[in-house]
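User: I am new to reading protein models. Can you take me through one, feature by feature?

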Amino acid sequence: MGKRMSGTSPGAPPRLLAALVAWLLPPGQREPVLGDLEERFRAAPSSRALPRYLFEAATVVPAILYTRLRSWFAGIGVPGRIQGGSGIATVRAQVLEFQRENSWGLRFYSSACTLVSVRLAWKMFTSDLWLERLVCAALITVFLFTLHQHYRRGSARTVPEGDSLLNLVAFHRRELARRRDFLRTLWYWKIAPIAVSTVVVLLVKRGGEGFPTALCTIGCFAFANFAARSQARGIQGRIDELDAFDG
């Protein structure tokens, strides 16, 4: 563990810069990271100390934040652990809760797709511009395609009644695997089609003025893909735990 930073020590990093780095870091990692950065700052030649500190902070801090963010997303939508020795009623309740959450997610997306498609259809039939009609028709096709894929890949299946504990756990594992694959492939059947169509609409309607918004849109969808893949890793962890489940 590095030495605690001391702003009054000779040759210490600028206080404002060190405070900024400390603010960006998670609380549990501030002391060791700041200490290591300060030690390397003191060890470097005076002409290179500040550039070296800036370079290392600019590489270490994003890496730590990325790891923490990925770990946080890996816990979203991931069911709780099924402990060995749990009764069938407890396990069934956990399985039902997981299936219920997936079902509500699908209903929400279905409602959103329906509202957006109806609005686009109205605009398509009332518009006098053939290009606008074509764009609306393309967007409706994209949303209906993604909705169909949602039902095909992510719809919650009925939990079997009156089954043994091991069969119930096996069912839950299959559903976790389906959800993992659903999230891993989300980018090419949902995120990419919606992102591409949205960017095309922005560029067609606004021309060069829509370019910054298009870039922001691409960044948002890339972040959504990152979140989905992180969640898939969390679900894979639950699958690994179920593989070792002994009832």
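**Reading the model step by step**

Analyst: Start with the surface. The protein exposes about 14,700 Å², and carbon and sulfur atoms supply 64% of that area. Keep in mind that this is a predicted model.

User: What does the secondary structure come to?

Analyst: Count helices and strands. Here there are 8 helices and 0 strands. From the N terminus on, the order is α-α-α-α-α-α-α-α.

User: What radius of gyration does the protein have, and what would a compact globule have?

Analyst: Set the two values side by side. A compact globule of 247 residues would come near 18 Å, but this protein has 25 Å. Its C-alpha atoms fill a box of roughly 70 × 65 × 20 Å along the principal axes. Buried residues make up 39% of the 247.

User: Now charges. Why can side chains pair?

Analyst: Side chains of opposite charge can pair when their charged atoms come close. A search of the whole structure finds 12 salt bridges. One of them joins glutamate 56 to arginine 52, with the closest N and O atoms 3.3 Å apart.

User: How many residues separate glutamate 56 and arginine 52 in helix H3?

Analyst: They are 4 residues apart, so about one helical turn separates them. Next, check burial. Glutamate 56 has a relative accessible area of 11%, so it is buried. Arginine 52 is at 31%, so it counts as partly exposed. Arg40, Arg52 and Glu56 are linked in a network of salt bridges.

User: Which residue forms a salt bridge with arginine 81?

Analyst: Glutamate 241 does, with the closest N and O atoms 2.9 Å apart. This pair links distant parts of the chain, 160 residues apart: glutamate 241 is in helix H8, and arginine 81 is in the loop between H3 and helix H4. Glutamate 241 also meets arginine 238 in a salt bridge of 3.5 Å, N to O. Those two are 3 residues apart in helix H8, so about one helical turn lies between them. Arginine 238 counts as buried because its relative accessibility is 16%.

User: How many aromatic pairs are there?

Analyst: The count comes to 4 aromatic pairs. Phenylalanine 41 belongs to helix H2 and tyrosine 53 to helix H3.

User: Are phenylalanine 41 and tyrosine 53 buried or exposed?

Analyst: Both are buried.

User: Which charged end sits over the ring of tyrosine 109?

Analyst: That of lysine 190, 4.0 Å from the ring centre. Likewise, the charged end of arginine 107 sits over the ring of tryptophan 104, 4.9 Å from its centre.

Key:
Residues numbered from 1 in each chain as written. Predicted model: local features only at pLDDT ≥ 70, side-chain atom pairs only at ≥ 80, totals over all residues. Heavy atoms only, no water. Phe/Tyr/Trp six-rings, centres within 6.5 Å; stacked < 30°, edge-to-face > 60°. Buried < 20%, exposed > 50% of the residue type's maximum accessible area, 1.4 Å probe, protein only. Lys NZ or Arg CZ within 6 Å of the ring centre and 35° of its normal. Rg over C-alpha atoms; globule rule 2.2 N^0.38 Å. Areas by Shrake-Rupley, 256 points an atom, 1.4 Å probe, with all protein chains shown as cover. Salt bridge = Lys/Arg side-chain N within 4 Å of Asp/Glu carboxyl O.
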